Amino acid sequence: MHLFRWLPLGLILMAGTATAQLQQYRPNPQAGREMALHTCDACHIVAAGQLAPLVPGYGPSFADIANRPTASFASLQAFLTTYHPRSNMPYPTLSSAQASDLASFILSLRGRR
Ligand code: HEC
């Protein structure tokens, strides 16, 4: 069967893909900022200079969240990728890469108010 001649090549390609997926994703705060300005700004002050959120005083500003002593990349990433039944915030359907971008953007606001 000549099909089996291609088997080693297939296995090599599959191994290559798996290795690429195992590589650590490098969060991109700029991409997180762009996304936040479109999807989170209805309830949060995302960045300085932004118009007031549609729902004033609803969600904490991202700078305030970043300045909480408990805020960390892991805690923000976890909040954004898990469902919270009792939260007033709708569950955003985000890929883990998007959640990483957003978490890194929020933390980049640390020190600002
Ligand atoms: C419909 C309004 C709404 C939208 C849209 C929204 N949020 Fe929120 N968010 C809230 C509210 C309200 C809270 C305050 C916590 C609560 O009530 O559960 C909150 C809290 C948070 C917190 C703090 C969680 C904590 O540990 O206390 C983070 C981080 C956050 N939001 C990120 C985001 C991001 C990122 C987006 C966009 C993808 C987003 N939010 C979109 C309403 C919203």
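1. Let me start with α5. Keep in mind that this is a predicted model. What covers the buried residues of α5 includes α2, α3 (62–66) and α4. The buried residues themselves are A99, S100, D101, L102, A103, S104, F105 and I106.

2. On geometry, α5 has 13 residues, and the distance from its first C-alpha to its last is 18 Å. That is close to the 18 Å expected at 1.5 Å a residue.

3. Next, the core. The largest nonpolar core has 14 residues, and A36, V46, F62, L80, L102, A103 and I106 are those with the most contacts inside it. Two or more residues of this core come from each of α3, α4 and α5. The biggest giver is α5, with 5 residues.

4. I106 is worth a click in your viewer. Leaving out residues up to four places away in sequence, I106 touches F62, I65, A66 and L76. I106 is also among the core residues with the most contacts inside the core, and it is one of the buried residues of α5.

5. Now α2. G32, R33 and A36 are its buried residues. They sit on the same side of α2, because the arc they cover around the axis is only 100 degrees. The face turned away from that buried side carries the exposed residues Q30 and H38. As for what lies over the buried residues of α2, the cover includes α3 and α5.

6. On to the ligand. It is surrounded by 20 residues, and the closest are C40, C43, G59, S87 and N88. By class, the shell splits into 15 nonpolar and 5 polar residues, with no charged ones. If you are setting up a picture of the site, three helices to show are α2 (29–39), α4 (73–81) and α5 (96–108), each of which supplies at least two residues of the shell. The largest share, 3 residues, comes from α4.

7. So where does R112 lie? R112 is in the segment after α5. How does R112 count, buried or partly exposed? R112 counts as partly exposed because it has 13 C-beta neighbours inside 10 Å. R112 and A63 are 49 residues apart in sequence, yet their C-alpha atoms are 6.0 Å apart in space.

Key. Residues are numbered from 1 along each chain as its sequence is written. This is a predicted model: local features need pLDDT of at least 70, side-chain atom pairs count only at pLDDT 80 or more; totals for chains, interfaces and linings use all residues. A residue is near a molecule or strand if its C-beta atom, placed from the backbone, lies within 6 Å of it. Helices (H or I, at least four residues) and strands (E, at least two) are DSSP runs, numbered from the N terminus. Ala, Val, Leu, Ile, Met, Phe, Trp, Tyr, Cys and Pro count as nonpolar, Asp, Glu, Lys and Arg as charged, and the others, Gly among them, as polar. The expected span of a helix is 1.5 Å times one less than its number of residues. A residue is buried if 20 or more other C-beta atoms lie within 10 Å of its own, exposed if 12 or fewer, and partly exposed in between; C-beta atoms are placed from the backbone. Two residues are in contact if their C-beta atoms, placed from the backbone, lie within 7 Å. A nonpolar core is a set of buried Ala, Val, Leu, Ile, Met, Phe, Trp, Tyr and Cys residues joined through C-beta atoms within 7 Å. The arc is that of the directions from the helix axis to the C-beta atoms.
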